[in-house]
Amino acid sequence: MEILSNTIIATICVAILLVYTWKVLNWAWQRGLKGNPYKLLYGDLNELTKSILEAKSKPINFSDDIAQRLIPFFLQLHQQKCSFVWLGPYPTVLITYPEHVKEIFTKNYVYVKQRHANPMTKLLADGLSTIDGDKWAKHRNIINPVFHVEKLKHLLVFHLQHMLPAFYVSCSVMLSKWEEIVPKGRSFELDVWPDLQIMASEVISRTAFGSSYEEGRTTFLVYRFLPTKRNKRTLEIEKQVQTTIRHIIDKRLRAMEAGETSNDDLLGILLESNMKEIEQHGSKDFGMTTVEVIEECKLFYFAGQETTSVLLVWTMILLCLHPEWQVRAREEVSHIFGNNKSDLEGLNRLKIAMMILYETLRLFPPLPVFGRVNKEEVKLGELNLPAEMPIIIPAILVHYDKEIWGEDRKEFKPERFSEGGPGVCIGQNFAMMEAKMAIAMILQRFSFELSPSYTHAPFAIVTIHPQYGAPLLMRKL
């Protein structure tokens with residue numbers, strides 16, 4: 001009897017799935033969308049995974065299309081312009097037209113962020129980058145003071161432990177290590193990728209947690225050993241991170257209640273801004289909970305460490321490929337700073353360095369793919385999307401779109417941004433200031449070129465990493 005009951009339930013489920021599949025296919029055909037025939041349960045997932053593994057097994061040339069290694073399956077569908085993909089039993093529309101992409105990011109109250117299907121992403125951070133709607137607006141309103149340039153200037157003038165010195169100290173530690181390793185008068189091969197990752201994590205630990213730097217640093221070391229299939233310590237690591245950050249927050253709140261100022265690091269500014277928001281409205285409903293603050297701290301760490309280290313490594317690689325730009329950037333740094341310590345005013349005058357960083361972000365964007373879901377039925381261009389339709393935006397394809405960037409879209413041409421770069425994200429000022437200082441300090445002390453052992457193999461682990469590291473030939477100046 002039980003077997004019969006299970007069989008009936010399974011049959012009903014399959015029937016419902018088939019009806020749903022037929023409705024979706026009918027909807028897609030009516031709108032001219034192209035995609036593969038549906039395969040029960042898995043859809044396109046097997047082919048998608050296979051294409052990524054195959055692409056990852058082969059390095060590419062610098063002239064090759066980077067998308068063929070990062071998103072080979074989506075690239076193939078992109079040739080059809082209007083397309084969809086089956087992620088399991090769910091059809092997902094690919095959006096690549098720039099006008100549509102702009103509308104999706106502008107109307108964040110309609111096109112919301114997809115919830116984490118991957119527990120690893122949940123572990124990393126469930127902060128501002130993954131919330132939406134009213135909650136997103138509340139968080140952004142509270143967090144904006146953290147990244148505001150005027151706030152950074154205020155910190156630079158009035159606080160001993162402020163952000164720029166933290167950038168400088170962390171970068172100096174890395175460069176001192178390089179100076180000890182690289183012999184004077186000749187080139188020396190050095191894989192700069194691990195050191196850039198460590199340096200960026202040191203910076204974010206210092207700037208996020210200030211006097212609690214060591215606690216934050218120790219806690220986030222777990223991110224260098226993320227759980228794998230053989231290391232299933234996800235819950236244990238999550239508990240450790242939550243407990244330690246909660247301890248730091250509670251200690252900071254007690255100090256603030258006792259009248260101590262605590263706005264000389266990101267955590268302090270965030271807590272201060274949160275308290276002001278609650279006091280202004282007279283209700284805790286207008287502030288962030290401790291759990292939400294913890295998630296923002298995790299996001300500060302992950303986003304700050306990951307995006308900065310990735311931006312720096314690809315910038316150095318591109319400057320190796322285009323030594324004329326390395327020379328121009330070094331001359332600008334020398335003109336503004338000489339051999340002196342960099343300061344905020346000088347960093348803001350680094351136009352060539354800024355152009356180079358923006359062009360690097362175009363060629364190697366922090367996130368190659370974004371996901372969204374429309375909360376309600378919408379019309380996007382000629383597309384009528386039903387509510388709750390998963391959407392994939394392959395940002396990497398937009399960054400290499402011939403209609404936007406021209407026939408030379410694959411080339412490194414920082415002059416594209418000579419009139420100033422576009423707005424990026426809420427942490428743009430923070431990340432760019434750190435990246436400019438790091439590049440300036442590196443150019444002051446070293447020249448560099450690609451090592452013959454370098455293998456060009458960009459691949460995506462959330463952000464775009466160099467799969468085999470970044471061995472460069474470093475020379476002291």
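A nonpolar core is a set of buried Ala, Val, Leu, Ile, Met, Phe, Trp, Tyr and Cys residues joined through side-chain atoms within 4.5 Å. In this predicted model, the largest such core has 94 residues. The protein has 477 residues, and buried ones make up 51% of them. There are 20 helices and twelve strands.

**Overall build**

- The accessible surface comes to about 23,700 Å².
- Carbon and sulfur atoms hold 56% of that surface.

**Nonpolar cores**

- Within the largest core, the residues with the most contacts are Trp178, Val192, Leu196, Met316, Phe448 and Met474.
- Helix α14, residues 290-321, gives the most to this core, with 13 residues.
- Leaving aside neighbours within four places in sequence, Met316 is in contact with Trp178, Val192 and Leu196, among others.
- A second core is separate and has 14 residues. Ile95, Val110, Ile391 and Val398 are among them.

**Nonpolar patch on the surface**

- Leu40, Leu41, Tyr42 and Leu45 form a nonpolar patch on the surface. Together they have about 400 Å² of accessible area.
- Leu45 lies in helix α2, residues 45-56.
- Leu45 counts as partly exposed because its relative accessibility is 34%, between the 20% and 50% cut-offs.

**Salt bridges**

- The model has nine salt bridges.
- One of them pairs Arg445 with Glu179, with the closest N and O atoms 3.6 Å apart. This pair links distant parts of the chain, as the two residues are 266 residues apart. Arg445 is in helix α20, residues 428-445, and Glu179 is in helix α9, residues 163-181.
- Is Glu179 buried or partly exposed? Glu179 is partly exposed, with a relative accessible area of 28%.
- Arg362 and Glu359 form another salt bridge, at 2.9 Å from N to O. Both sit in helix α17, residues 351-363. They are three residues apart, so about one helical turn separates them.
- Arg362 has 2% relative accessibility, and Glu359 has 0%. Each value is under the 20% cut-off, so each residue counts as buried.
- Asp408 bridges to Arg416, with the closest N and O atoms 3.4 Å apart. Arg416 is partly exposed, at a relative accessible area of 23%.
- Shared partners join Glu359, Arg362, Asp408, Lys413 and Arg416 into one salt-bridge network.

**Ser170 in helix α9**

- Ser170 is in helix α9, the helix that also holds Glu179.
- Ser170 counts as buried because its relative accessibility is 4%.
- What does Ser170 contact, leaving aside its neighbours within four places in sequence? The partners are Met199, Glu202, Val203 and Arg206.

- Strand β10, residues 458-461, runs antiparallel to strand β11, residues 463-466. Four bridges join the two strands.
- Pro458 has Pro466 as its bridge partner in β11.
- Ala460 has Ile464 as its bridge partner in β11.
- The two strands form a hairpin with one residue between them. Val462, in the turn, has a positive phi of about 70°.

**Glu388 in a loop**

- Glu388 is in the loop between β7, residues 383-385, and β8, residues 390-393.
- Phi of Glu388 is near 65°, a positive value in a residue other than glycine.
- Is Glu388 buried or exposed? Glu388 is exposed because its relative accessible area is 53%, which is over the 50% cut-off.

Note on methods. Residues numbered from 1 in each chain as written. Predicted model: local features only at pLDDT ≥ 70, side-chain atom pairs only at ≥ 80, totals over all residues. Heavy atoms only, no water. Buried < 20%, exposed > 50% of the residue type's maximum accessible area, 1.4 Å probe, protein only. Contact = heavy atoms within 4.5 Å. Patch = residues over 30% accessible without salt bridge, like charges linked within 9 Å, V, L, I, M, F, W, Y side chains within 5 Å. Areas by Shrake-Rupley, 256 points an atom, 1.4 Å probe, with all protein chains shown as cover. Salt bridge = Lys/Arg side-chain N within 4 Å of Asp/Glu carboxyl O. Pairing = 2+ DSSP bridges.
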